[in-house]
Amino acid sequence: MDRNSNAYTFIFAVILVAVVASALAFAATQLQPAQAENVKNEKMQNILGTVGIEVSRDSAAVPFDKYIVERIALDSKGQEKTEVNAFEVDLKKELKKDVEEQSFPLYVANVEGAKYYIVPLRGKGLWDAIWGYIALKDDVNTIKGAVFDHKGETPGLGGEITQVWFKKRFDDEKVFDESGNFVGVSVAKGYQGGDNKDDNAVDAISGATITGDGVTDMISERLERYLPYFKNKTNVKVAAN
């Protein structure tokens, strides 16, 4: 075949595309187990981070098994779903279902004798999904710690929810008001509360109002789903709105 002909060029291009596509597909298949393992380890790392256990992603498995003493999947009434693996619940998929059909994963940690309840979070930021984990102390009112992440928030603005200084604002904040009603924690623009940990609010990130509102909403929406469990399975008196 004439190498200068259009037919030769077309056939060569088709073969080249096929070879490259096959190589990429093969590489993706080979890397998939490693990628899945990285996702799993990062998830464990983030869960541990909410209770003050700081570990690298690759070394998260051993301390996770040490400190996370229960992994529970709940239904919308706070009852355990023993047939569901809590760790494998994908909130992205769950949030597309009706609330009554969702599974709500909950992790119980024991760190030096202190008990914590860790709730996965997922919501909507300015541009795309935001997510994270929040740990409550044994009173199911006081926040031990929180971890946040995002898919596409603006660097220097909404993207700052991943920063330590922002996450630390939630430490020791309360999710119930003084009357015992669940209110969550508001990321408040123009917050003037200083270090007040009883006002159910933290200072927002300047210029990231919508992302902050997304954090507020996902904390309230997700935690509220666990109130039936906390009322039925703990010794704490929990009053819902």
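Below is a short chat about the sheet and the cavity in a predicted model.

Colleague: What order do the strands of the sheet come in?
Modeller: The order is E1-E2-E3-E4-E5, with 5 strands in an open sheet and antiparallel pairing.

Colleague: Which strands stand at the edges?
Modeller: Strand E1, residues 68–74, and strand E5, residues 143–150. Each has a single partner strand, so one side of each is left without a neighbour in the sheet.

Colleague: And the twist, how many degrees from one strand to the next?
Modeller: The twist averages 20 degrees.

Colleague: What packs on the sheet?
Modeller: Helix H5, residues 209–224, packs on the sheet and touches E2, E3, E4 (129–137) and E5. The direction of H5 makes about 125 degrees with that of E3.

Colleague: Back to the strands. How many bridges join E1 to E2?
Modeller: E1 and E2 run antiparallel and are joined by 6 bridges. In one of these pairs, Ala 73 has Pro 105 of E2 as its bridge partner.

Colleague: How many bridges for E2 and E3?
Modeller: E2 (residues 104–111) and E3 (residues 114–124) pair over 5 bridges, in the antiparallel sense. Tyr 107 has Ile 118 in E3 as its bridge partner, and Ala 109 is partnered by Tyr 116, also in E3.

Colleague: How many residues sit between E2 and E3 in the hairpin?
Modeller: There are 2 residues between E2 and E3. Glu 112, in the turn, has a positive phi of about 55 degrees.

Colleague: How many residues of E2 are buried?
Modeller: The count is 7 of the 8, so E2 is largely enclosed by the rest of the structure. Buried here means under 20% relative accessible area.

Colleague: Changing topic: how many cavities of 30 Å³ or more does the structure hold?
Modeller: The structure holds 1 cavity of 30 Å³ or more. The volume of the largest cavity is about 30 Å³.

Colleague: Which residues line the largest cavity?
Modeller: Leu 136, Val 140, Val 175, Phe 176, Phe 182, Leu 223, Leu 227 and Phe 230 line the largest cavity.

Definitions and conventions. Residues numbered from 1 in each chain as written. Predicted model: local features only at pLDDT ≥ 70, side-chain atom pairs only at ≥ 80, totals over all residues. Heavy atoms only, no water. Pairing = 2+ DSSP bridges. Helix = DSSP H or I, 4+ residues; strand = E, 2+ residues; numbered from the N terminus. Axes fitted to C-alpha atoms, helices over the stretch in contact; angles between N-to-C directions. Contact = heavy atoms within 4.5 Å. 1 Å grid on protein atoms, 1.4 Å probe; cavity = no way out; pocket = protein on both sides within 12 Å on 5 of 7 lines; lining within 4 Å. Points joined across faces, edges and corners; volume = space filled by probe spheres on them. Buried < 20%, exposed > 50% of the residue type's maximum accessible area, 1.4 Å probe, protein only.
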